[in-house]
Amino acid sequence: SPWGTIFMTRTGISTLTAVATVMMLSGCASPGSSIPQAGKTYTGPLSADAEAKLRAKGFGMSDAERDKLENIDRTRLAAQFDFQKLGQPVESPFAGFGFVGAENMPYAVYRNGKAVTFTPEGTDTELEQVAPRLNGVVLAGEEHERIVGESPRGTMMSWNTKDLSQQVVLRPQNSTFGLTNVFDVGTIENSPYLAMAVEGGRVELWDLAAGEMVEFTENKVSQPRQIMDGSAYDDVIYGTNRGEIEEWKPAVDSTKLYAHAGPVLDIVSVGGRDLIVSSAKDGTVTIYDRKKGEIVHTLEFDTVVYNLVVAPNNRYAAIFQTFGSPYYIDFDAMESRRLYVGSGAHMTQGRFAKDGTLLLARENNDMIRVWSMERNSLVARISPEQGGNIVGFDVSDALGLIAVATTEGNVEYWNLDTGRYIRTAFHTDTPLIGVEISPDGTRAVVAQADGQLARWRVMADKPEKTFMFE
């Protein structure tokens, strides 16, 4: 171009306050006691007066007293930006993580089928674990409240985070576990439905509330391979292995709109313009006007275009080749322009910011490039300030910053408009998998290789110095 009803709730969060309290416990003093123990270790929180007296000791403090004050300072600092560790270690890689629903609730889904959501207070809810071998996540529903765990082998899972009575298994073509190939899935706009491209020439519509297939079509000539995300329930657009772009209306059946000369790799819709943009293995990108019923522009590339991304303002679409420079289409002028990078560069994680006026993409694993669409120019090249490679990044439009997670265990903040380094906000010795910022730009989660998450409130001026966590 960024799947059952038993559940149990338990507290799976270690706030820094709790961690600090555990570290302070010593001897057998009762909770809340401030009676000095051997080695001047204290078992309860200090009063303001006791804390002031302890700080007044200066160099006369013992190591235990110094640790006590450091824990107090650390807990207060964490409270400034609501830092919390979420969940417990999990012996399975992530299938996906981030924020779900209108309340921006953190979630994590693992490849073994385990899924967890977290309340603002940090309580975790374990969702039903039925479908194993998940390899990705899609958010569906009008408020993106449904988490769908994807699997290319057919058995998927859907969890409705607003109504936990709706935790359902999805088995395309009534398959048994792991017997049906699913080539692609796409959300149906503002609805609890999902479209799937399934082996056997099928496109299937699934009800995520009931866990049932409600409609299907079978292509006798070609195999559907790509679903256009955000299609309407009664108007699903899909691409095939032979290059056709087809429109499926369940009440009418499928109609071919146009065709590439090779398998379709991506399809997107340009809202408000009634345009479809698609790419194929033959190196072509085609723009199709649905009102006119005709192709209005075709671009040809030397390498395969694997990803298309449409800007929020629907004026631009970015085109990412397997190798080399990305391009973008200006739909107002109906022309394409090149964004220059090295010929061997591999660009991934392309996304727009600032309503489409900026385009960001990761070059290999060591640089993020930021371009201005309005000026057709490079704004910044961002490489980790503290060394290492990039494992992921995300953007807060609201605060005008980029959060970059690195192989050194750092989360660095960079200025979105200038591309300048702000600070290294967080550090952990546990390897990081990636970072996600909530859609409103105010919260962030970082995923660690041990399966845990850390969450905090994103603030441009805090933390003032690197915050260390386990």
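How many helices and strands does the protein have? The protein has three helices and 39 strands, where helices (H or I, at least four residues) and strands (E, at least two) are DSSP runs numbered from the N terminus. This is a predicted model, in which local features need pLDDT of at least 70 and side-chain atom pairs count only at pLDDT 80 or more, while totals for chains, interfaces and linings use all residues. Residues are numbered from 1 along each chain as its sequence is written, and side-chain values use heavy atoms, with hydrogens and water left out.

**Burial**
- Of the 470 residues, 53% count as buried (under 20% relative accessible area, with a 1.4 Å probe and protein chains only).

**An open sheet**
- Strands S16, S17, S18 and S19 line up in that order in an open sheet with antiparallel pairing (two strands pair if DSSP finds at least two bridges between them).
- S16 (224-227) and S19 (253-259) are the edges, each with a single partner strand, so one side of each is left without a neighbour in the sheet.
- S18 (residues 244-249) is joined to S19 by six bridges, and Ile245 stands opposite Tyr258 in S19.

**Strand S30 and its partners**
- Take a look at S30 (residues 367-372): six of its six residues are buried.
- Met367, Arg369 and Trp371 lie on one side of S30, with Ile368, Val370 and Ser372 on the other.
- Six bridges link S30 to the antiparallel strand S29 (residues 358-363), where Ala361 stands opposite Arg369.
- In the hairpin of S29 and S30, Asn364 has a positive phi near 55°.
- Five bridges link S30 to the antiparallel strand S31 (residues 377-382), where Ala380 stands opposite Val370.

Note on methods: Buried < 20%, exposed > 50% of the residue type's maximum accessible area, 1.4 Å probe, protein only.
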